[in-house]
Amino acid sequence: MVRGLYTAYTGMINQQKKLDTITNNLANASTTGYKREGLTAKSFNENFTIKVNDLTEGVITRNIGRMSLGVKIGENYTDYKQGPLKNTEGTFDVALDGRGFFAISFTNKQGVTTTKYTRDGEFTIDVDGYLRTKDGDYVLNEGGGQIVVPTNAVDVVIDRQGNIFADGEYADTIQITDFEDYNYLKKYGENMYDTVDGAVPAESEASVIQGYLEMSNINVVSEMVEMITITRAYEAAQKAIQNADTMTEKAVNQVGRVQ
């Protein structure tokens, strides 16, 4: 019965973590370039039940079965499937059609600047013509430098390769970076990614589409259905704990009572 309490408890913890993940997905359903997160679960290592004190057996530690110790959280994962493209007609709104990321020069609160990667192409230019994200970070060019667009340009065109033309004159090229294995990327904030040791850059074949933004790949209906399933599983584990507690109480206060 104690094992049952523990097993049900681990199930509740696992369902709570899943619910937290889905809640975060729903909260970012309208975040540009957001990628859905998921959570895996796996059983604890199985444990042999041992047959002991049986003198009829030559070896008294013969295995007679296995007993699961419950469930534990596996790992968080990110679904990098492309989200739908939304037509904004914004001059500096760009979306990627295919695998790849925009490179961003990100400066944290401590003043440390590093390169991050994102699918959020909601860009703008400042008073000096620097191409920035909506949060003010610099968008990087193919050489890793900052991109400058003439502020007096009337017609700015960004082609499928990320080349920027201001009034017909070439200005710069937006850096598009891909990676051989996305398992070496980790989320940073809502819709940015950082690399970890082992990340290998690769040439991106994505097309840059001006006037569009990639929305999140969250299916709100599917997430809500999953939330209901998780809630029911949580309630079932909670009921199992209540039943085990009742059985334990009866065993202690009634069955074990000395007459």
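1. D194 is buried, at 16% relative accessibility (buried means under 20% relative accessible area, exposed over 50%, partly exposed in between, with a 1.4 Å probe and protein chains only). The side chain of D194 meets that of K116 in a salt bridge of 2.7 Å, N to O (a salt bridge is a side-chain nitrogen of Lys or Arg within 4 Å of a carboxyl oxygen of Asp or Glu). K116 lies in strand β8 (residues 113–118) and D194 in strand β17 (residues 192–195), so this pair ties together parts that are 78 residues apart in sequence. K116 is buried too, with a relative accessible area of 4%.

2. The model is a predicted one, in which local features need pLDDT of at least 70 and side-chain atom pairs count only at pLDDT 80 or more, while totals for chains, interfaces and linings use all residues. Residues are numbered from 1 along each chain as its sequence is written, and side-chain values use heavy atoms, with hydrogens and water left out.

3. The whole structure holds nine salt bridges. One of them joins the side chains of K35 and E214 at 2.4 Å, N to O. Because K35 lies in the loop between α1 (2–27) and β1 (37–43) and E214 in strand β20 (residues 212–214), the pair ties together parts 179 residues apart in sequence. Helices (H or I, at least four residues) and strands (E, at least two) are DSSP runs, numbered from the N terminus. K35 is buried at 2% relative accessibility, and E214 is buried at 0%.

4. A further salt bridge links the side chains of D126 and R132 (2.7 Å, N to O). Shared partners join K35, R119 and E214 into one network of salt bridges.

5. An open sheet is formed by three strands in the order β12-β13-β14, with antiparallel pairing (two strands pair if DSSP finds at least two bridges between them). β12 (156–158) and β14 are at the edges with a single partner strand each, so one side of each has no neighbour in the sheet. Between β12 and β13 the antiparallel pairing runs over three bridges, and I158 stands opposite I164 in β13.

6. E89 sits in the loop between β5 (85–87) and β6 (94–97) and is exposed, at 69% relative accessible area. D167 belongs to the loop between β13 (163–166) and β14 (169–173) and is partly exposed, at 43%.
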